[in-house]
Amino acid sequence: MKKKILSMLLATVMVAALAVGCGNKETGGSNEGGGASNEDAGGAGNEDEGGSQAGATVDLDIIISQYGNYTQDWWKEFEQTFEEANKDINLNIEIVSWNDIYSVVNTRISSNAQPDILNISGFADYVLDDLLMPAEEYVSDALKSNFIPSFWESNEMDGTVWALPILASCRSLFCNMDLLNEAGIENPPTTWDEVLAACQAVKDKFGSDIVPWGLDISTDEGQAAFSYYTWNFGGGFVDDNGDWALNSEANVKAVEYIKTLIDSGYCNSAPFTDTRYPLQDAFSAGSLAMMIGPMNMVAADSEVNYVAAELPGEKTALGVCDQLMVFKDEEADAARTEAITKFFDAFYECETYSDYMVYEGFLPATLDASDNLAANAEKYTVGGSDATGSSEYFATFCAVLPNCNFYPMQKPEWMDVRNGVIDVEQNVCQGTMGAQEALDQLQESVTK
């Protein structure tokens with residue numbers, strides 16, 4: 001079915017952010033409100049007799065990553081609304097740029113000034129350093145059951161979930177249907193053989209004027225390409241037991257297939273250095289027929305008639321989510337944990353969370369917000385603009401989320417594997433090594 005999907009305006013990068021000091025800091029003052037109804041704060045927490053002692057205020061230091069130019073504005077309003085509904089909780093929310101986030105966090109951890117709550121991408125190192133609270137200790141039962149299962153499970157390490165998914169993104173096969181139809185292809189390809197046939201048809205029809213297939217195996221995101229092809233050839237990074245399986249037969253076939261795309265002249269001229277960003281621009285301009293990319297890759301002013309289809313083969317999409325995590329505070333009492341629970345219940349409340357997803361241009365990681373945005377996205381506006389969300393857009397991409405796979409970022413060897421699979425792709429596709437040899441060497445290097 002053909003769809004012209006409204007692209008979201010903001011956010012292509014997904015990573016992290018940070019805040020100041022840490023712990024349960026109690027200060028004098030009246031506990032005038034001590035919690036409020038959803039009516040007051042969009043689900044900012046209910047009055048609870050088991051809260052902090054009268055006259056005490058719990059301070060929560062929170063670091064949130066800057067996803068767009070207007071991230072600060074949204075969180076400022078959230079902070080004010082939350083505090084009005086929860087007089088015994090004081091939020092100190094700091095927005096930190098992605099350019100600075102990791103250095104800021106590392107500096108604060110080294111000086112024992114980590115925040116209570118951190119929004120960043122990746123948590124394995126913090127778990128290994130025994131810095132995080134397990135998510136089960138602060139997430140409410142209702143909220144836990146509301147997360148899309150695959151996104152909740154993606155934050156598991158050694159049988160424990162350590163973080164909550166703050167937002168989601170996914171990758172789909174984007175097809176310019178006008179170009180494909182003109183080349184005699186009626187529908188998006190559903191198998192890898194059909195991809196080759198469609199590429200040849202586009203090449204025959206348009207010659208060098210149109211690139212049939214966009215490919216990025218650069219150091220910027222070559223690991224994403226590895227996931228697209230290996231997962232959908234039946235392989236992937238790990239086996240069913242979670243052990244590295246980089247040199248599987250399916251992975252060898254997948255890497256050889258990538259080389260076939262290049263050798264056949266179906267791809268952009270410099271897949272070793274081209275990042276997805278100029279490829280996305282080319283697709284939006286109508287000079288690229290097909291590519292796998294993120295849900296918000298098509299420019300808002302593009303006139304391309306496109307379909308966002310399932311990936312060929314196993315139909316497994318790459319899911320991406322940044323996390324919200326809670327640092328331990330050995331000196332804190334139950335009031336801190338209760339305040340953290342209220343914070344998360346307020347943030348993930350359906351209306352509030354739906355608003356934030358449209359505002360920043362991402363997909364929700366919860367079930368109720370996914371359903372809500374698939375029908376009511378026009379109620380919410382994109383940050384810094386009068387543009388509204390598109391229900392058709394959310395219906396299309398939220399349907400992909402339950403079938404997403406994720407990078408094994410919780411494994412300590414991940415960064416070596418990430419860089420290693422890019423080296424494999426580059427070496428094999430430039431003809432310096434065979435796929436089996438290259439993958440055997442990588443497998444040995446990360447399992448020795």
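K411 lies over the face of W244, at 5.2 Å from the ring centre; a charge counts as over a ring if NZ of Lys or CZ of Arg is within 6 Å of the ring centre and within 35 degrees of the ring normal. The model is predicted, so local features need pLDDT of at least 70 and side-chain atom pairs pLDDT 80 or more, while totals for chains, interfaces and linings use all residues. Residues are numbered from 1 along each chain as its sequence is written, and side-chain values use heavy atoms, with hydrogens and water left out.

**Confidence**

- Mean pLDDT (the predictor's confidence in each residue, from 0 to 100) is 88 for the protein chain, and 88% of its residues reach 70 or more.
- Over residues 1-53 pLDDT stays under 50, and the model has 209 contacts beyond four places in sequence for this stretch; contact means heavy atoms within 4.5 Å.
- Where pLDDT is low, the predicted coordinates should not be read in detail.

**Overall fold**

- The protein chain has 17 helices and twelve strands, taken as DSSP runs (helices H or I, at least four residues; strands E, at least two) and numbered from the N terminus.
- Of its 448 residues, 57% count as buried, where buried means under 20% relative accessible area, exposed over 50% and partly exposed in between (1.4 Å probe, protein chains only).
- Among contacts in the protein chain with a separation of 6 or more, 77% come from residues 24 or more positions apart.

**Helix α8**

- G207 follows α8 and has a positive phi, near 60°.

**Aromatic pairs**

- The whole structure holds 41 aromatic pairs, counted for rings of Phe, Tyr and Trp (its six-membered ring) with centres within 6.5 Å; planes under 30 degrees apart are stacked, over 60 edge-to-face and the rest tilted.
- F343 and F344 form an edge-to-face pair, 5.3 Å centre to centre with 70° between the planes, and both residues are buried.
- The ring centres of Y393 and F397 are 5.1 Å apart and their planes are at 55°, so this pair is tilted.
- Y393 and F397 lie four residues apart in helix α15 (residues 391-398), about one turn of the helix, and both are buried.

**Individual buried residues**

- R108, in helix α3 (residues 101-110), counts as buried because its relative accessibility is 16%.
- The side chains of R108 and E94 are joined by a polar contact of 3.1 Å, that is, a pair of N or O atoms within 3.5 Å; within protein, one must be able to donate a hydrogen and the other to accept it, and residues adjacent in sequence count only if both atoms are side-chain atoms.
- F362 sits in the loop between α13 (350-360) and α14 (367-376) and counts as buried at 0% relative accessibility.
- F362 and F394 are 32 residues apart in sequence, with 9.3 Å from C-alpha to C-alpha.
- L131, in the loop between α4 (124-128) and α5 (141-146), has 17% relative accessibility and therefore counts as buried.
- L131 and F327 are 196 residues apart in sequence but 5.7 Å apart in space, C-alpha to C-alpha.
- Not counting residues up to four places away in sequence, L131 touches I109, Q114, Y126, V326, F327 and K328.
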